[in-house]
Amino acid sequence: ETAEKAGFDHFMLKEIFEQPKAYRNTMMGRISDDGRSVELKEIGMTAEQIRGIRKVHIVACGTAFHAGLVGKTVIEDLARIPVETDVASEYRYRSPIITPDTLVIVVSQSGETADTLAALREAKRHGARVLAITNVVGSSVAREADDVIITQAGPEIAVASTKAYTSQLIAFYLLGLYLAQNVGTRDEAYVTDVLMAMNELPEQVERILDSADVLKQIAESVAKHNNLFFIGRGVDFAVAQEGSLKLKEISYIHSEAYPAGELKHGTLALIEEDIPVISVITQEGLYEKTLSNIKEVKARGAHVLALVNAGHEEEVGKSVDELFSIPKTLPILAPALSVVPLQLIAYYASLARGNDVDKPRNLAKSVTVE
Ligand code: G6P
């Protein structure tokens, strides 16, 4: 096992550091040589079939569900097709409206999660086409779906998912662009811009990983608390939910992710002196709005850490206690960067509390029973 950890103390840390490679491998062979278009040869749908898709349902569990929340924004933004994202255990029993022109996307690292597999079968029973995003070739989900995008994250051992999640994000970016190319919602220049920005992501993640020590210090102060909040808007809220789950899974600290603008409708009552609030704030156009929410929690004594896009440190810095800067990218790609510091905070908080990082209590890597 020591050899498998390749010098890292835990599989989770090793897997966090493998993300730049996982990004490159998931993109490899899926972008045209001239860098102007996405080529998903594994998708058997014709352009006409793609143009016939009226809605998309994304269905998954746990961390894969959180990737699906980002996937919704990505597909709606790029291809302008309406998307609903559901937890598989809810979807399969809520009698969802699945029609033959619905594309159902199931997301599963293992490809074996019982509820996700059942949702896939339910979708097929209603005549929908099912596309799977999975990390395991030959898994049940991969075998039963009509189309499969394999994320090239490599085996993930730690129960808390990291590189599988970010590889799922890369798969959603590629899929969103591919659908957009076929539907005609985005021109070649736009697709080229996104692909160029995606190419920079692995190196940008490396830069975040270089600052692991700073995040370790932040995590050690987080670990002293029993409650905290994550806030964000849009895809920042999706990332906040994943950051909160990661922290809960391995540090056992109670946390809640909230849409920043919704705080005042209830959760604000829980803000008291010194409670940590981690704010993800990367979306152009939403800065002012989220900043005003940060001021609301600050006024009630919260200790605020902001994850902010490079270039906005000054503007945000005035209103927060601590700040971590994320390399600049396109707003839609920000989740692939902003989640990385949250993974490291969860890791170091778990370590500081003396927990078994790779095997948290009560949890399993793959849940194959209902
Ligand atoms: C378990 C794991 C999670 C994972 C979820 C879905 O709960 O502990 O890390 O996100 O299952 O797993 P899947 O393999 O379907 O992505």
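The model is predicted: local features need pLDDT of at least 70, side-chain atom pairs count only at pLDDT 80 or more, and totals for chains, interfaces and linings use all residues. Residues are numbered from 1 along each chain as its sequence is written.

**Exercise 1.** Determine how strand β1 (residues 55-60) is placed and paired.

*Solution.* Helices (H or I, at least four residues) and strands (E, at least two) are DSSP runs, numbered from the N terminus. A residue is buried if 20 or more other C-beta atoms, placed from the backbone, lie within 10 Å of its own. Five of the six residues of β1 are buried, so the strand is largely enclosed by the rest of the structure. Next, pairing requires at least two DSSP bridges between two strands. Histidine 57 has valine 104 as its bridge partner in β3 and stands opposite glutamate 84 in β2.

**Exercise 2.** Identify the residues that touch the most other members of the largest nonpolar core.

*Solution.* Such a core is a set of buried Ala, Val, Leu, Ile, Met, Phe, Trp, Tyr and Cys residues joined through C-beta atoms within 7 Å. Among its 125 residues, they are Val106 and Ile345. Helix α8 (residues 163-183) contributes the most to this core, with 13 residues.

**Exercise 3.** State which helix gives the most to the shell around the ligand.

*Solution.* It is helix α4 (residues 62-79), with three residues. In total, 15 residues surround the ligand (C-beta atom, placed from the backbone, within 6 Å). The closest are Gly62, Ser108, Gln109, Ser110 and Thr113.

How values were computed: Buried ≥ 20, exposed ≤ 12 C-beta atoms within 10 Å, placed from the backbone.
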